[in-house]
Amino acid sequence: MTSSADSVASTVDPVRGQIVDAARRLAAQGLVIGTTGNVSARIAGRVWITPTRTPYAALRPDDLAGVEVASGRRLSAATPSMELPLHLAVYRTRSDVRAVVHTHSPHATAWSFLDRPLAPTTEDLTYHGLGPVETCAGGPPGTQALATSVGRALRSEHAVLVAGHGVVAVGDTVELAVARAAAVEHVAQIAWLLRHEALPAVHRQR
Ligand SMILES: [Zn+2]
């Protein structure tokens, strides 16, 4: 017999594998260090997210934490990332989003302190469906205030800088969310290198 529960089960494992692969790639690319940053994906009303304080190199699909999107009810023994509220806020706001990536990648995070848009300098942002990346208000890590700010900022965008904190990028696949987070970091790095030279006025020091 095929039921909706069966179809969910058949898709959970591949997606959990994608989350683990993504987390390891983020670490390998220097977009996250140690146990910082987090990755999640949604399947049929449930979110699977990287657990708190587990090094990505040791992470396995069975270690991911499962949570119901609507209720926040936990579906597994693993303790979710402390930024679970941020991920849930995005999923509750955006029915099209299937994956959320949060990093503290260095150049983009540094740019988040400037409170000015990260404008496209190369095709990397537009290639990934991103316009100028705005900065939204931050808040203490793990708080509902931070989650609400990010959820509001991503109502119509696919990436945002969180003031004094980092990057949140979304997509309809884990792959795309990771690519967007990487593109934001790449363009931020270029912006810093050019900041005093040939950039548009928006990137020059005031
Ligand atoms: Zn963070």
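Start by selecting Asp 13: with 47% relative accessibility, Asp 13 is partly exposed (that label covers the range between buried, under 20% relative accessible area, and exposed, over 50%, using a 1.4 Å probe and protein chains only). Helices here are DSSP runs of H or I with at least four residues, strands are runs of E with at least two, and both are numbered from the N terminus.

A word on the ground rules: this is a predicted model, where local features need pLDDT of at least 70 and side-chain atom pairs count only at pLDDT 80 or more, while totals for chains, interfaces and linings use all residues. Residues are numbered from 1 along each chain as its sequence is written, and side-chain values use heavy atoms, leaving out hydrogens and water.

How many salt bridges does a search of the whole structure find? There are 4. For another one, pick Glu 68 and Arg 73, which meet at 2.9 Å, N to O. Glu 68 is partly exposed at 22%, and Arg 73 is partly exposed at 47%. Then jump to Asp 96 and Arg 94, paired at 2.8 Å. Here Asp 96 is partly exposed at 40%, whereas Arg 94 is buried at 6%.

Next, head inside. Select Ile 19, Val 39, Leu 118, Leu 161, Val 174 and Val 184: they have the most contacts within the largest nonpolar core, a group of 38 residues (a nonpolar core is a set of buried Ala, Val, Leu, Ile, Met, Phe, Trp, Tyr and Cys residues joined through side-chain atoms within 4.5 Å). Elements giving two or more residues to this core include H1, strand S1 (38-43) and helix H6 (174-194). H6 supplies the largest share, 9 residues. Apart from this core lies another, of 23 residues, among them Val 47, Val 67, Val 100 and Ala 147.

Zoom in on Val 174. Beyond its neighbours within four places in sequence, Val 174 is in contact with Gln 18, Ile 19, Ala 22, Val 39, Ala 41 and Ala 99 (contact means heavy atoms within 4.5 Å).

Note on methods
A salt bridge is a side-chain nitrogen of Lys or Arg within 4 Å of a carboxyl oxygen of Asp or Glu.
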